[in-house]
Amino acid sequence: VAFAAAGLPGRPAWATPEETEKRIAEFTGGKTPETGRLTLTAPEIAENGNTVPISIEVESAMEGDDVVEQVMILAEGNPNPDVAIFNFSEASGIAAATTRMRLARTQNVIAVAKMKDGSTFIDKKEVKVTIGGCGG
Amino acid sequence: GRWSQAAAQQALTEDTLLDFQAHGNVTLVHLTDIHAQLRPVYFREPSENIGVGAVAGLPPHVTGADFLKLYDIAPGSPHSYALTSEDFSALARTYGRMGGLDRIATIVKRIRAERGDNMLLLDGGDTWQGSYTALKTNGQDMVEAMNALAPDAMTGHWEFTYGAERVTEIIESLPFPFLGGNIYDAEWNEPAFEAYKMFERGGVNIAVLGQAFPYTPIANPRWMFPNWSFGIREEDIAANVAAARAAGADLVVLLSHNGFDVDRALASRVSGIDIILTGHTHDALPEPVKVGSTLLIASGSHGKFVTRLDLDVRDGALKGFRHRLIPVFSDVISADAEMDALVTRLRAPFEDELKRELATTETLLYRRGNFNGTFDDLICQALIDVREADIALSPGFRWGTSVLPGETITVEDLHNACAMTYPAAYRSTMSGETIHAILEDVADNLFNTDPYYQQGGDMVRVGGMAYTIDPGATMGNRITDMTLVKTGEAIEPGRDYIVAGWASVNEATEGPPIWQVVEDYLARNPVVRLEENRLVTLKS
Amino acid sequence: MATPKPRVKLPKTASAGEIITIKTLISHQMESGQRKDKNGDPIPRQIINKFSCEFNGKPVFSCDIDPAISANPYFEFSAKVAESGTFKFSWVDDDGSVYEHEAGIEVK
Ligand SMILES: [Mn+2]
Ligand SMILES: [Mn+2]
């Protein structure tokens, strides 16, 4: 079997769903974010849990009142849910960004966007971190 | 209907197999997953192929007698032999070996002669790996043979296991494009391969998009091509389809190594693809599967089949088609003299070693099946015996040819089951918990109800232990009742066991090559006689 | 650790008002603070905790970074350029070091 035994995670204390919820509430000021407008793109299965590409894009004119101010990235199954906060400006032109992150195990990656007008959006995607794999 | 009539009512002749009433203005010829088989082979199709979730019971998850019934094929007929595992050993003696690039060349040349330039020959990948000669020549034998066949494009998977440098060297030498829109430079996040190519054939603008195996860096050693990142990248496929249409494509073809269920899901989610030529999961389907307006074509593996798909494309749209999955019966279809000579030349330096006899088998040796195959039973026995292990693990590869009962096992046969660039037979200590985690992980890669999380392949084969599997359960809950065969006791999570296996994706894995382990075992056990494998209990 | 080396990819020219893509990489091991050394002692955290990009002195994009960002942090984002000028990129290390890089663009 083509497994990578070293990929078997140890057992550090994981973040809890409550912690993730708390981060989202702090970020949105207690509002429940809506779905739509924000798209999180990530691979279905991580090629390497140490470097998982993730991208976000928010539909926005990025001028006037229609400006994305921040997008927060969380990983609900890492030892700590925080990953990054992207800060955009009108000079960004488009509210889109890509980075690479660590995933300790299979889990949801969550993105939350905060707009200038106070509205908030959420998207999530499950990324599988696998130790096995065989081939056809 | 058409399929069984051709088979059952007429004698099997080259003309019966190849006569084809041309249709429309362009022909696609599809070959995939040849796994470096230059000469005709025996290859037993799977007796089980479980589909989960929405695709349970749908082709290609239909095998044996159910398959014969579904496609109205007479038991015992040539097509029953070609397409199922039913009565395989007996029918193999009747109908002989299948495939061979020399026979395939006869078919391709005949279609070319008939259709002139109105034809595209497309290779779905897993072409360069799977034989002794391919391994010894770093894929060069297949490159030369395929160049002689002159495909118009290819994509890949096992190709990458020759390492980035060799793959790049070969691709630069190819007289046709190697397409892979889902392969990115891992450092700067930029496309690393050509995504699609436009062809004009019969007045039709055809866009061929290439999709390499999305999980190549997971199923195979990532360290061999560290700068390439793969993935399904559905949004890229959609963007490339749109770009091809905008550039004037009348017909959009996805030359895919995604695996059948991934492609079926993709067809339902990305519009604008006329044809998906599927690969990787080695399915041979006598009829296309239609998803919306997309046709999915499955052309089998190991050179056993060639698909001819005639298309009527008018006013920028596909109006109709005529399809045949041509079974390459090597005793019926004549060898093309030029290709035969080339293959003979390519194999000549290795002929003596290829023919060297290692043992005789009284049991049919085959690989395909979701949970075990006799060739892997033999490999697991060898691992336990030679590497003095409690438990053996053998990957659920779908490539590898069959050896009939009563025949000798040659070096060539053995390598057809294990020729690869990371063959080390490791021996390590694993806890019961780790072994359970591995089985669960592999099971989820096979039986996840979302096809996008499936990697193709089959369940890791085990020796020395038994277990129960419930494919329909969720991750972490599929594998139960793990038992160590030699003691009959339950495998304990906290206890350590000696595990031998091969084909680890980890760099610097130590151990003799797997073929050496099996050869050593066969030297002491010159007659192979395998009992029915009862190690895996299926719960549903 | 070797001095972190920033690398940036962006076009040399653009038309006025064009939205360009900028890609940045910096070599840095991003020690998470979660790992232990051979003796079982925790290895102290040392990461790049802030990345920012400004154009002609005005903010374009920035990122507040936690240890879950991979080694050799990569950021790809966009910028709308109205006039010729200079992009200034900076990465702030936990130890207080600031690594900087500049790249000009000509608007035609
Ligand atoms: Mn294959
Ligand atoms: Mn494959």
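This is a predicted model: local features need pLDDT of at least 70, side-chain atom pairs count only at pLDDT 80 or more; totals for chains, interfaces and linings use all residues.
Local features require pLDDT of at least 70 and side-chain atom pairs pLDDT 80 or more, whereas totals for chains, interfaces and linings use all residues. Residues are numbered from 1 along each chain as its sequence is written, chains are lettered from A and ligands numbered from 1 in the order in which they are written, and side-chain values use heavy atoms, with hydrogens and water left out.

**Exercise 1. The manganese site**

Identify the protein donors of the manganese ion (ligand 1), and determine which residue bridges this ion and the manganese ion (ligand 2).

Solution. 
- Step 1. Donors are N, O and S atoms within 2.8 Å of the metal (3.2 Å for Na, K and Ca); water is not among the atoms, so sites may look incomplete.
- Step 2. Four protein residues supply donors to ligand 1: B:D33 (OD), B:H35 (NE2), B:D126 (OD) and B:H282 (NE2), at 2.0 to 2.2 Å. Their spacing along the chain is D-x1-H-x90-D-x155-H.
- Step 3. The bridging residue is B:D126, and the two manganese ions lie 3.4 Å apart.
- Step 4. B:H35 belongs to the loop between β1 (26-31) and α3 (64-70) of chain B, and B:D126 to the loop between β2 (119-123) and α7 (132-136), so that the pair links distant parts of the chain, 91 residues apart. Helices (H or I, at least four residues) and strands (E, at least two) are DSSP runs, numbered from the N terminus.
- Step 5. Both residues are buried: B:H35 has 1% relative accessibility and B:D126 0%. Buried means under 20% relative accessible area, exposed over 50%, and partly exposed in between (1.4 Å probe, protein chains only).

**Exercise 2. Salt bridges**

Solution. 
- Step 1. A salt bridge is a side-chain nitrogen of Lys or Arg within 4 Å of a carboxyl oxygen of Asp or Glu. By this rule there are 44 salt bridges over all chains.
- Step 2. B:E187 and C:R7 meet at 2.5 Å, N to O. B:E187 is partly exposed at 31%, as is C:R7 at 32%.
- Step 3. In the pair C:K23 and B:E190, the closest N and O atoms are 3.1 Å apart. C:K23 is buried at 9%, whereas B:E190 is partly exposed at 27%.

**Exercise 3. The largest cavity**

State the volume of the largest cavity and describe its lining.

Solution. 
- Step 1. On a 1 Å grid over the protein atoms alone, a cavity is a set of points where a 1.4 Å probe fits but cannot get out; lining residues have an atom within 4 Å of a point. A volume is the space filled by probe spheres set on the points, which are joined across faces, edges and corners.
- Step 2. The largest cavity has a volume of about 180 Å³.
- Step 3. Of its 22 lining residues, B:H61, B:D261, B:T281, B:Q454 and B:G456 are the closest to its centre.
- Step 4. The lining divides into eight nonpolar, eleven polar and three charged residues. Ala, Val, Leu, Ile, Met, Phe, Trp, Tyr, Cys and Pro count as nonpolar, Asp, Glu, Lys and Arg as charged, and the others, Gly among them, as polar.

Definitions and conventions:
On a 1 Å grid over the protein atoms alone, a cavity is a set of points where a 1.4 Å probe fits but cannot get out, and a pocket is an open set with protein on both sides within 12 Å along at least five of seven lines; lining residues have an atom within 4 Å of a point.
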